[in-house]
Amino acid sequence: MLQEFFAALADPNVPFIRYALIAGLLSSVSFGIIGSFVVVKRISYIAGAISHAALAGIGAALYFKHVYGMEFLSPLHGAVVAALLAALIIGLVSTYYNEREDTIIGSIWAIGMAIGLLFIAKTPGYVDPMSYLFGNILLVGRQELVLILVLDMVVIVLGILFYHQFLALSFDEEFTRLRGIPTRLYYILLIFLVALTVVLMVTVVGIVMVIALLTIPAATAGLFSRKLWQMMVLAALFCALFTSFGLGTSYVLDFPSGSTTIVFAGAVYIISLIVKRTRG
Amino acid sequence: MENGAAINVIEVEHAVFRYSNYTVLDDVSLSIHAGDMVSIIGPNGGGKTTLLKLILGLLEPVSGKVKVYGGSPRKNMGYLGYVPQYSRFDEQFPITVYEVVLTGRLEKRAGFYSKNDHQAAAEALETAGLSNVSDRSFQALSGGQRQRVLIARALAGRPSILLLDEPTSNVDAAVGSMLHELLEELNKTHTILLVTHDVGFVDDITNRVFCVNNHVHEHPADKLDASLISAAYGNQMRMVRHDINLEKSQQ
């Protein structure tokens, strides 16, 4: 069974499986880093809102591509813009304005999806929103792979460069501010990195399940880590394992890859929790 | 340190602070000299923590001035070492004692900690008596140990003033006396400000007591008597006089 999968990987006629595997492995590194920050800073709901808001950008990109013939536009371009915009709004509201943060987050979540679906509905030809919501490996082409690599590098470099600032910010924001660190700026930068990371995985597991792939590997890794960087390394490995396994199994059994990945990840997390509890 | 020529390391002049339309601190003035061990006492909601945050520069007064070493708290924050309550930290955060203390050396620039930073962190751990647990997980420690880790983190920045928020809340008597000794030792080299509701904890080591209840009054540290308690907690408080035994006096 597994041979089939490896044969498909090597087959030059079906590059999309190879692309999907590479996309999953590449983005696992930034998912490990940013997913760990998201889990320890407890902002997974922000990641959820950003990923759903990305649909607005995906829809807009598809619309402009087909209606105005902007052939260079890829749905991923739209996703990057919409995710960063959503991140900026959430970041500004939660740091500078005295609004109820969860209300803003919930609104962005829903409004983003609504705008995306409107654009998709008005795009000529048939576009299946399901592909974006639940993932479709056919969406990753050579062009997307390059963009994924670039985003991945940006997230990894900034994540490592500002590791200590982000760690301190997550652990004790007030004290970090007293060390002269512009914490609001760093918080917004962190949410930007969350936005880029979310976009990386949208094509593989889909908008709805991004949040699971961001938090489950990190939460599983957290069970076995005493330090944040250990959690990140482990989370990246778990993420790579989950996406590769999900892709392989979905190919062999003809299951949707996103759902397969998430169910497998969830199972490993629950088993890890039980193992951890029973061993004390 | 009790002479008039002492250096004022902290000066608060007619400071007013409001949350929307509730005035927490009204026309507060005080000055703290180098080497003082000050305790700030008062009822909940009286403005103790607000006063501490004004001095730290985390809050700005609506009117009046707060000066640290003659400049603004934000400008001179390097002199200040803040020790919050340990109980407000996330129980699941993956971080070791050493890493917590290193954050006391954090700088604006990106990158890694220097040799000097590591040395300062190691010294701070030594001072706080934590060298043997430096590689342990922060959340695995007892409350008293965690409180000392936060003191070490403040010390790592090599401040000259330490500001502690309720260091003895949620710790038992044995741990309290250990903290007491540590603070007494640190007071030889640092000015110390202590927000506390635990008057008994500090009465023998503090040389000044400020009572905060919207206004600030200074009380002589050697006369912690009924007038001070009622000023601090309002008139509803009854004092338990352990020094008088009624049964015996009635006989």
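Okay, ground rules. The model is predicted: local features need pLDDT of at least 70, side-chain atom pairs count only at pLDDT 80 or more, and totals for chains, interfaces and linings use all residues. Residues are numbered from 1 along each chain as its sequence is written, with chains lettered from A and ligands numbered from 1 in the order in which they are written.

Let's start with the sheet. Strands here are DSSP E runs of at least two residues, helices are H or I runs of at least four, both numbered from the N terminus, and two strands pair if DSSP finds at least two bridges between them.

For angles, axes are lines fitted to C-alpha atoms, for helices over the stretch in contact, and the range is 0 to 180 degrees between N-to-C directions.

Next, strand 8 (residues 208–213) of chain B. With strand 9 of chain B, strand 8 runs antiparallel, joined by 6 bridges. Val212(B) sits opposite Val216(B), and Phe210(B) has Glu218(B) as its bridge partner. These two strands form a hairpin with 1 residue between them, and Asn214(B) in the turn has a positive phi of about 70°. With strand 3 of chain B, by contrast, strand 8 runs parallel, through 4 bridges, and there Ile41(B) stands opposite Cys211(B).

On to the helix pair. Helix 4 (residues 143–156) and helix 5 (residues 173–186) of chain B have axes that come within 10 Å and cross at roughly 20°. That makes the two roughly parallel, a label for angles under 35 degrees, with over 145 roughly antiparallel, 65 to 115 roughly perpendicular and the rest oblique. Helix 4 of chain B brings Gly144(B), Gln147(B), Arg148(B) and Ile151(B) to the contact, and helix 5 of chain B brings Val175(B), Met178(B), Leu179(B) and Leu182(B). In contact means C-beta atoms, placed from the backbone, within 7 Å.

Finally, some single residues. Most residues other than glycine have a negative phi. Ser20(B), though, has a positive one of about 40°, in the loop between strand 1 (8–19) and strand 2 (22–33) of chain B. Is Ser20(B) buried or exposed? It counts as exposed, with 4 C-beta neighbours inside 10 Å; the cut-offs are 12 or fewer for exposed, 20 or more for buried, and partly exposed in between, with C-beta atoms placed from the backbone. Asp254(A) has a phi near 60°, lies in the loop between helix 12 (228–253) and helix 13 (257–278) of chain A, and is exposed with 7 neighbours. Lys41(A), in helix 2 (residues 15–41) of chain A, is buried, with 21 other C-beta atoms within 10 Å.

How values were computed:
Two residues are in contact if their C-beta atoms, placed from the backbone, lie within 7 Å.
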